[in-house]
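Open the model in your viewer and keep the selection panel at hand. Each stop below says what to pick and what is there.

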Amino acid sequence: LDSIIKKVSEITGSAYNFKAKPQGMEHSPEPVGTAHKKINPMQELPDMSEREKFWTKDQEEEKRRVVQEREKRSTESKKTEEERKAREEKEHRAREDQIKERERKISQLKDREKEREEKEKLLDKEKWEKQQEEDMQAARERSQRSERMRQERTKEAQELIKQRAADAKKIF
């Protein structure tokens with residue numbers, strides 16, 4: 001190393017001494033320092049028991065939240081189901097009322113129709129009886145008329161016979 005330094009100093013022509021402290025640098029500032037402090041993990045990290053307490057507490061809170069959400073969903077589901085059942089029951093009652101009303105109207109219509117038919121039957125029967133009565137009356141009148149006419153002809157014939165006993169052949 002000395003030989004290299006010697007050769008370099010001969011070539012450059014300067015007499016710089018690498019081993020000696022240069023002049024004029026006596027008053028130079030001290031080396032620059034740093035604000036870095038060594039980290040002690042045991043000091044920086046919180047107490048492990050406190051850390052475990054924190055996470056245990058967090059897990060318990062999460063479990064409570066999940067249970068509360070489950071209960072909330074369950075109550076909402078029950079409430080929705082009850083509302084649905086109530087609505088269905090109301091709709092069922094409304095349908096039943098409509099059916100009963102329709103059946104009542106149909107029954108009334110049938111009763112009215114039956115009454116009308118009975119009245120018509122009664123009127124028809126009365127008309128028929130009246131017609132029968134009139135027919136019988138007409139038949140009696142015809143038979144009486146024919147009987148009278150026969151009696152009149154018989155009487156007339158007898159009178160003619162009495163008047164002309166000899167001309168009896170002419171009559172027939």
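Start by selecting glutamate 69: at 35% relative accessibility, this residue counts as partly exposed. The cut-offs are under 20% relative accessible area for buried, over 50% for exposed, and partly exposed in between, with a 1.4 Å probe and protein chains only.

Two notes before moving on. This is a predicted model, where local features need pLDDT of at least 70, side-chain atom pairs count only at pLDDT 80 or more, and totals for chains, interfaces and linings use all residues. Residues are numbered from 1 along each chain as its sequence is written, and side-chain values use heavy atoms, with hydrogens and water left out.

**Stop 1: around glutamate 69**

The term means a side-chain nitrogen of Lys or Arg within 4 Å of a carboxyl oxygen of Asp or Glu.

**Stop 2: zoom out**

Color by secondary structure. The protein chain shows four helices and zero strands. Along the sequence the pattern reads α-α-α-α. Helices (H or I, at least four residues) and strands (E, at least two) are DSSP runs, numbered from the N terminus. Helix H3 spans residues 48-163.

Switch to the surface. How much of the chain is buried? Buried residues make up 0% of the 172 residues. The chain exposes about 17,600 Å², and carbon and sulfur atoms supply 53% of it. These accessible areas come from the Shrake-Rupley method with a 1.4 Å probe; for residues, only the protein chains shown count as cover.

**Stop 3: arginine 116 and its partners**

The whole structure holds nine salt bridges. Select arginine 116 for two of them. In one, its side chain meets that of glutamate 113 at 2.2 Å, N to O. Glutamate 113 and arginine 116 are three residues apart in helix H3, about one helical turn. In the other, glutamate 120 bridges to arginine 116, with the closest N and O atoms 2.5 Å apart. Glutamate 120 and arginine 116 are four residues apart in helix H3, again about one turn.

Arginine 116 is partly exposed at 38%. Glutamate 113 is partly exposed at 32%. Glutamate 120 is partly exposed at 38%.

**Stop 4: a negative patch**

Select Asp111, Glu115, Glu117 and Glu118: they form a negative surface patch. Patch residues have over 30% relative accessible area and no salt bridge; like charges are joined within 9 Å, and nonpolar side chains (Val, Leu, Ile, Met, Phe, Trp, Tyr) within 5 Å. Lys and Arg count as positive, Asp and Glu as negative, while His and the chain ends are not counted. The place of a charge is NZ of Lys, CZ of Arg, CG of Asp or CD of Glu. Glutamate 117 lies in helix H3 and is partly exposed at 38%.

**Stop 5: the aromatic pair**

A search of the whole structure finds one aromatic pair. Select phenylalanine 54 and tryptophan 55: the pair is edge-to-face, 5.1 Å centre to centre, with 75° between the planes. Rings of Phe, Tyr and Trp (its six-membered ring) pair if their centres lie within 6.5 Å; planes under 30 degrees apart count as stacked, over 60 as edge-to-face and the rest as tilted. Tryptophan 55 is partly exposed, at 45% relative accessible area.
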